Structures are given as C-alpha cells and as structure tokens.
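Trainee: I would like to learn how to read a helix pair in a model. Where do we start?

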Amino acid sequence: MTVTVNFSGYEGPVTCGPEETLLRAGLRAGLALPYECASGGCGSCRAQLVDGEVKTLWPDAAGLSERDRRRGNRILMCQSVPTADCTVKAPILDGPTVSREAVPERVTSRLLGRVELTPDTALFTLDFRSPIDFLPGQFMLLESPDGVRRAYSMAHPADGAGSTTVEFIIRAKPGGAASSWLFDKVQVGDEILVEGPYGRAYAQPGSERPAVCIAGGTGLAPILAITEELLVENRGRRVDLYIGARMAGDIVLLDRLARLNELGARVAVSVEDPDFAGTEPAGWAVFDDSRVGRVIDHVADDWTDLSDHDIYLAGPAGMVDAALRALVRERGASADRLFFDRFI
Ligand code: FES
C-alpha cells in the first residue's frame, strides 16, 4: 500500500511505498533527515508521530528509551513503516545538504563468495547485477528472509569502472539471528535482499587537511574504503591509518593494508593482548608501527594536537565514544571534522 507522509517543517507530502520506512521515503524525497545507524540502535532518527499509523520493524529497538515509549508517540523513522497517511515531526538537519549521497534503494543481490578471514570473520562478496553507487565509508542493510536487517559497511570505494560486486567484512555474533543466517544458512548463489546505501561518515571530497583514520574490529571495512579514497583522490596528502584489535590474529586483509601503505599511508597497528609484544606474525612488515595497547592510546601518544586534521573513526560504539571524547577534549580535534561510524 502506498501512503502519503507529511514531514512537518519540510515542504510537500512524500509518497511512501509498501514496506518502505519513513527514513528511506524521506531520504528518497531529498529531505535532510537525521540518522546514523539506520537499524534501530542509536536513536538519531527519533521523531514524533503527530497523526497516522506505522508498523514497527523492531518493537524493542534500543534507539527508543523507556521514557520515549511511555510518551506513546515517539518513533524511530528507520524502523517505522507507515500503514496509513501520516504526519511526522522530525528534526531538520543544519549544515550542508546531503545531495552527494545516493538514494537508498531495496535491491536483490546474490552471494558470490564467502572467504573465511578468521574463525568468526569472513569477507562476503555480493553481486548486484548492475553497478551500485555509494560513497566510501557507507553501509548497507542486509535483510534475512524473516526480516532481520543488519548494517554492514562496504570494504572498498565504489568501482567507477562499473563493477557490480561489493565486499563486506562480517563478524559472526554468537547466537545472533543475522549471523546464523549469513554464516550457516546462506549458500553461494543465494539471493540476499539489500537496502542502501546509508551512512554519513564517508570520505569528504576536496579536503587538503592531513587525515587520521582509526579502525577498531570490523570498523576496518569502512576505514579501508575511506583511506583508499583519500589517497587516490590526493596522492600527496598525509594519511595516518590506525588499526586496533584485541588479538594479533584478528588483523586481516594484510594485502589491502600493504596497498594503502604503497599509496602513501602510514599504517600503525595496536593489539590489546599483553602477550603480543615481540610476536609479530609473518607479513607484519607492512606496518610502520605496531604496539601493545588500545588503538586510541596509540593515536594519543603520536599526536598532541589534531586541530587541523580530518578524523575518520569506525568500530564498536564504546571504543568510538571513548575515542571521540579523548580526541576532542585532549587533542583539540574539531567536532565538525570528525566523521564516525559506531557499530551498535
Ligand atoms: Fe534510526 Fe539509528 S538511525 S535508530
């Protein structure tokens, strides 16, 4: 059923198709709606349902607080599919337009390959049949047949030459519904429904500033894409890439890190495992620097002032939040030059 949605504060009604969320309908219409995770976890897309009805994809979504739920009319636009004409009161974003971002679409892809990188992490390659447009650092929602959606970042920039394949680094979560589907049920050749691209923590074009790119865990995927884009766009630009992991064995895709090193990035790695010292595996010559400890401490040790840097950050929410606090308060990082993706 197609319904009409009025976003108060924005001009004109928006048409919302069957199974389309308010967020996607608004973005498709060119509205600068606020969002971050597009999957119910962060609360950035919280809005007020003034009238009408919506179906909620994830009733217990962490992005709504108990207080929000008690109010009764608070919704997450990324989890709400209208079932009747609606009026929604949503915050309006300030600042630059989002016109560079491709409109998120729902398309069917096919699993082309799944290569194990570690016992719980794999590189998934999906074929979209036609070229797909996205910005380096963005993500897509992969949807299981029973409607579970999970966000995964593309591990490379879009291929301007028209390739139809896209790679994702995916870590299995014990007991996770999406993990058991992606790792145990989907076979090479099977169809996978995908929605995207989403995300605003992408490589910013035209900047001459030096850049620091920081990845924790599977935050490696968007940071690989962003770092490659920055270096290809401007070969003379200084880019420092920091990779953080709990164990040395969690560091993957050394060949891609080597390529970024060849393109000019300084690549540093931090391993939290205290037994790591002096045990660098073969192939680690690619790193200009390797240390034991948290990646954010590594960055803080290297830099006393980051006020003239662009900073890209992706990884688990706790790591990203701690890093943001440290970089802004203690290293002078500028809030409007910080681009981050929290995995919630
Ligand atoms: Fe909707 Fe994160 S964008 S909850």
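Mentor: Start with handedness. A crossing is left-handed if the near helix is turned anticlockwise from the far one by less than a right angle, and right-handed if clockwise. Keep in mind that this is a predicted model.

Trainee: What describes two packed helices?

Mentor: Two packed helices are described by the angle between their axes and the distance between the axes. Here, take helix 4 (residues 220-233) and helix 5 (residues 254-263). Their axes come within 10 Å and cross at roughly 25°. Helix 4 is therefore roughly parallel to helix 5, since angles under 35 degrees count as roughly parallel.

Trainee: Is the crossing of helix 4 and helix 5 left-handed or right-handed?

Mentor: Left-handed.

Trainee: Which residues make the contact?

Mentor: Helix 4 brings L220, L224, T227, E228, L231 and V232. Helix 5 answers with R256, L257, R259, L260 and L263. By class, the contact has seven nonpolar residues, one polar and three charged.

Trainee: Now the whole protein. How many helices and strands are there?

Mentor: Seven helices and 19 strands. The radius of gyration is 20 Å, close to the 20 Å from the globule rule for 344 residues, so the protein is as compact as a globular protein of that length. Its C-alpha trace spans about 60 × 45 × 40 Å along the principal axes.

Trainee: What share of the residues counts as buried?

Mentor: Of the 344 residues, 51%. Among contacts with a separation of 6 or more, 69% join residues 24 or more positions apart.

Definitions and conventions:
Residues are numbered from 1 along each chain as its sequence is written. This is a predicted model: local features need pLDDT of at least 70, side-chain atom pairs count only at pLDDT 80 or more; totals for chains, interfaces and linings use all residues. Side-chain values use heavy atoms; hydrogens and water are left out. Axes are lines fitted to C-alpha atoms, for helices over the stretch in contact, and angles run from 0 to 180 degrees between N-to-C directions. Helices (H or I, at least four residues) and strands (E, at least two) are DSSP runs, numbered from the N terminus. Angles under 35 degrees count as roughly parallel, over 145 as roughly antiparallel, 65 to 115 as roughly perpendicular and the rest as oblique. Contact means heavy atoms within 4.5 Å. Ala, Val, Leu, Ile, Met, Phe, Trp, Tyr, Cys and Pro count as nonpolar, Asp, Glu, Lys and Arg as charged, and the others, Gly among them, as polar. The radius of gyration is taken over C-alpha atoms; the globule rule is 2.2 Å times the number of residues to the power 0.38. Buried means under 20% relative accessible area, exposed over 50%, partly exposed in between (1.4 Å probe, protein chains only).
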